[in-house]
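This report goes through a few residues and strands, one group at a time. Please keep the sequence and the model at hand while reading.

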Amino acid sequence: MICTSIILRKMTPRYNEYGAKIEDTVVETEVPIMKFEKVKAPEYYRANEQGFRPELRVVISVLNYNEEEELEYNGTIYSIIRKEEYIDTMTLIAERKLENV
């Protein structure tokens, strides 16, 4: 079954009373997907030269994006490696996040 939404994930640091960082809190926001796009071959090879492996391109409303670093789709977490902003839409290009990194 294909999901019609993604979960955008943003890490916000928490500090103790002395100003030392304790941990990151994950803030999750579910947003609808407007469209899926294929990762184009030139884009894939250009990103691969820089050490990235783009696997996912999703288009969402620009109003739903707030500088999140990760997204979750079908239970898999992806790192957002690039974004393309247009007038009213935003394309997020993401790669699968490695475990324990």
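## Val26 and its contacts

Apart from residues up to four places away in sequence, Val26 touches Arg9, Lys10 and Met11. In this predicted model, Val26 belongs to strand β2.

Tyr65 lies 39 residues from Val26 in sequence. From C-alpha to C-alpha, Val26 and Tyr65 are 15 Å apart in space.

Strand β1 takes in residues 5–15, and strand β2 takes in residues 21–32. The two strands pair in the antiparallel sense, over eleven bridges.

β1 and β2 form a hairpin, with five residues between them. In the turn, Gly19 has a positive phi of about 90°.

In a regular strand, side chains alternate between the two faces of the sheet.

## The aromatic pair

How many aromatic pairs does the structure hold? There is one. Phe36 and Tyr73 form this pair, with 5.2 Å from centre to centre and 65° between the planes. The arrangement is edge-to-face, because planes over 60 degrees apart are classed that way.

The pair links distant parts of the chain, as Phe36 and Tyr73 are 37 residues apart. Phe36 is in strand β3, residues 35–37, and Tyr73 is in strand β5, residues 70–73. The two partners can also be described by their accessibility. Phe36 counts as partly exposed at 35% relative accessibility, whereas Tyr73 is buried, with a relative accessible area of 10%.

Is Ser61 buried or exposed? Ser61 has a relative accessible area of 19% and is therefore buried, the cut-off being under 20%. The residue is placed in strand β4, which spans residues 56–61.

With neighbours within four places in sequence left aside, Ser61 is in contact with Met34 and Asp88. Ser61 and Asp88 are 27 residues apart along the chain, and their C-alpha atoms are separated by 6.1 Å.

Note on methods. Residues are numbered from 1 along each chain as its sequence is written. This is a predicted model: local features need pLDDT of at least 70, side-chain atom pairs count only at pLDDT 80 or more; totals for chains, interfaces and linings use all residues. Side-chain values use heavy atoms; hydrogens and water are left out. Helices (H or I, at least four residues) and strands (E, at least two) are DSSP runs, numbered from the N terminus. Buried means under 20% relative accessible area, exposed over 50%, partly exposed in between (1.4 Å probe, protein chains only). Contact means heavy atoms within 4.5 Å. Two strands pair if DSSP finds at least two bridges between them. Rings of Phe, Tyr and Trp (its six-membered ring) pair if their centres lie within 6.5 Å; planes under 30 degrees apart count as stacked, over 60 as edge-to-face and the rest as tilted.
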